[in-house]
Every structure is written in structure tokens, then in C-alpha cells.
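This report walks through a two-chain model. Look at the sequence and the structure first, then read on.

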Amino acid sequence: MPSQGKSKKIALFGMLLALSLILSYVETLIPVSFGIPGIKLGLANLIVVIGLYQISVKELYLLSISRVLLSGFIFGNMASILYSLAGGILSITVMMVLKKIDKNSVLGISMAGGVFHNLAQLIVAMILVETYQVVYYIPVLIVAGLLTGLLIGIIGREVCVRIRKVYR
Amino acid sequence: MDEKHRKFNRYDVYVIFLSLLICGVFFMVIMNIQKKEADKVVIKVDGEVQGVYNLEEEQKIEINGGKNILQIKDKKAKMISGDCPDQICVQHKEIGKNRESIICLPNKIVVEIQGKDEGELDAITR
């Protein structure tokens, strides 16, 4: 998006934050559990993927951190905030680096984001529970991250293509 | 987003390939660990060992003063009740192979199967 007025930037940021909060809520309504505990779609990450192409990196971090704190206080607890924060920050960092390298498509970037989101959460779990036993979960979580990342990437791409006309 | 970032390209295949490679490596490591024979059940709460039990004796063990109950039967351990909200540990299938574990995150409980020649080694290797 070309640089526009400050108020437009703030409005866009507010809208994305509201959207990601709503998506966090929608996620709690979806009963799909994929048969494996701890695995979910990560709908709120859709906003991060879209934001990657719409707002600056600084704003993206701010967006993710505010979203995690707000949704954590509303729907979760201290532990879930820690998990989401670690996942969010690492996945944004990885996606940002991949976008800077400028080789991957949005699908690849989203998949890498999904994988690293899960890995970061696993590392936090290792620290909190003080055990390395959770490494058994790594293969499952990597595959899950790839799948959900791909899905989020596809949706994010379609949204990005369509909202371009709105931002003229 | 410009045109070239929309289509799946070969760098995206690298992402998948690398992820699956890491996945495979961990899978092999896990398979190797599980080959060893197991005969002990170690229960840890908040990282500290609470008790070591024989996998061959049938028994019910109360953890955290009855918050969670672990059942050992037919050389397998299963969490039969817990007061945690998500009940993931209770839904977990029974464990009996070496290094398998049931983890209850809300109550910080780790139940782990260990082999004959292991045990306190875990505390030393860092």
C-alpha cells in the first residue's frame, strides 16, 4: 500500500486489530479439533499474513502483541498469552525475513510462519513444564503448521488480491 | 502483493522439504529411543520427581493429593482422572513404551516411561 495520511494508517491498524480479535473469537466457536490436542487453525494469523503486505513491520509486531494480550485476557489465561506471544513473535520474524529475501510466494511464507509458530510454542512448553519430553510432538506440529499455514496463505492471498481495489 | 508472490513457486517447495526433513530427523530419533525396553514409570510435578513406580505392578497412584489419578495395568499407564479443564491428559492413550509420556500442562504433571538402565541420568545430562 502506498504511504497515505496518518489517520488512514491508524484506521487501517485499528480495523486489522479488531478483525484479528474477532477471528480469535470465531476460532473458539469452531469445534474442529483435528483429532490431536493443541492443534488449531490459527485464524488470527490470517490477519498477520494480510498485514505483511499492507502495513509496516513495526506495526505488524504491535498488531500481533496487542491482539495476543487482548484475546488472552478475554478468552485465555497467562499461560496461553505466553504461548501465543512466543508463537506470534517468532512467526512474524521468520515471515518478515522470508519476505525481505523476496523469493517465496505468500503461500511459502505463510507455511514457514505456521511451522515456526508451532515450534516457538513447543519451546515455551519445554521451559514451562521443564521437560524435553515434548519433542515427541515436533513432527506432528511441523506437519500441522505446514497444513494450516498453506490454508491461511491461500485465504490471505485471495483477500489481498481483492482488497487492493478498495485501497485506491 | 505483486503477481510473482501469488503463485506457489520452487522456493515454497524448499520450505516444505526442509520442514519435512526436520520432521523426519526427529521421527528417527524418537523411533530409536523407543526401541529400548521399559519397566519404570516416573512421575514429575513441576519438574521435580515425585515418585518412581514399577510398570509390572497393577496399582492406582494419586498425584498432587488426588487431583490426578494414574492407573498402571498390563504394563501400561493411563491417566484415569484429572481436575484440569482441558482433560487432554485423561484423553491421552495409555503408554507403555520406553520414553512415552503423558503431560498435563495445567497441573504441570509429566508421567514418563523409562527403561531399565536409565533413571537419574536425566538429571545429570544437561
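## A covered helix in chain A

The buried residues of α2(A) are A44(A), N45(A), L46(A), I47(A), V48(A), V49(A), I50(A), G51(A) and L52(A). That is nine of nine residues, so the helix is mostly covered. Buried means that 20 or more other C-beta atoms lie within 10 Å of a residue's own; 12 or fewer makes it exposed, anything in between partly exposed, and C-beta atoms are placed from the backbone. Helices (H or I, at least four residues) and strands (E, at least two) are DSSP runs, numbered from the N terminus. The buried residues of α2(A) pack against α1, α3, α4 (78-101), α5 and α6 of chain A.

The model is predicted: local features need pLDDT of at least 70, side-chain atom pairs count only at pLDDT 80 or more, and totals for chains, interfaces and linings use all residues. Residues are numbered from 1 along each chain as its sequence is written, while chains are lettered from A and ligands numbered from 1 in the order in which they are written.

## Packing around α2(A)

Helix α1 (residues 6-29) of chain A packs on α2 (residues 44-52) of chain A at about 150°, and their axes are 7 Å apart. Axes are lines fitted to C-alpha atoms, for helices over the stretch in contact; angles run from 0 to 180 degrees between N-to-C directions. Angles over 145 degrees count as roughly antiparallel, under 35 as roughly parallel, 65 to 115 as roughly perpendicular and the rest as oblique. The two helices α1(A) and α2(A) are therefore roughly antiparallel. From α1(A), the contact uses L16(A), L19(A), S20(A), L23(A), S24(A) and E27(A); from α2(A), it uses A44(A), L46(A), I47(A) and G51(A). Contact means C-beta atoms, placed from the backbone, within 7 Å. By class, there are six nonpolar, three polar and one charged residues. Here Ala, Val, Leu, Ile, Met, Phe, Trp, Tyr, Cys and Pro count as nonpolar, Asp, Glu, Lys and Arg as charged, and the others, Gly among them, as polar.

L60(A) lies in helix α3 (residues 57-75) of chain A. L60(A) is buried because 21 other C-beta atoms lie within 10 Å. L60(A) touches V48(A), G51(A), L52(A), I55(A) and I92(A), leaving aside residues up to four places away in sequence. The C-alpha atoms of L60(A) and I47(A) are separated by 9.4 Å, with the two residues 13 apart along the chain.

## Interface and core

Which residues do the two chains bring together? The contact takes 26 residues from chain A and 25 from chain B. On the chain A side, α5 (106-129) and α6 (138-163) each supply at least two residues. α5(A) gives the most, with eight. That side divides into 18 nonpolar, five polar and three charged residues.

The largest nonpolar core has 52 residues; L46(A), V49(A), A112(A), V115(A), L70(B), A77(B) and V111(B) touch the most other members. Such a core is a set of buried Ala, Val, Leu, Ile, Met, Phe, Trp, Tyr and Cys residues joined through C-beta atoms within 7 Å. α5(A) gives the largest share, 11 residues. A112(A) touches V94(A), M95(A), L98(A) and V15(B), not counting residues up to four places away in sequence.

## Chain B

Chain B has three helices and seven strands, in the order α-β-β-β-β-β-α-β-β-α from the N terminus. Buried residues make up 21% of its 126 residues.

An open sheet of four strands runs β2-β1-β7-β6 (chain B), with antiparallel pairing. Two strands pair if DSSP finds at least two bridges between them. The edge strands are β2 (48-54) and β6 (101-104) of chain B, each pairing on one side only. Seven bridges join β1 (residues 38-45) to β7 (residues 109-115) of chain B. V41(B) stands opposite I113(B) in β7(B).

## Hairpin and positive phi

Strands β4 (residues 68-73) and β5 (residues 76-82) of chain B pair antiparallel over six bridges. N68(B) stands opposite G82(B) in β5(B). Two residues separate the strands of this hairpin, where D74(B) takes a positive phi near 50°.

D46(B), in the loop between β1 and β2 of chain B, has a positive phi near 55°. D46(B) is partly exposed, with 13 other C-beta atoms within 10 Å.

Notes
Two residues are in contact if their C-beta atoms, placed from the backbone, lie within 7 Å.
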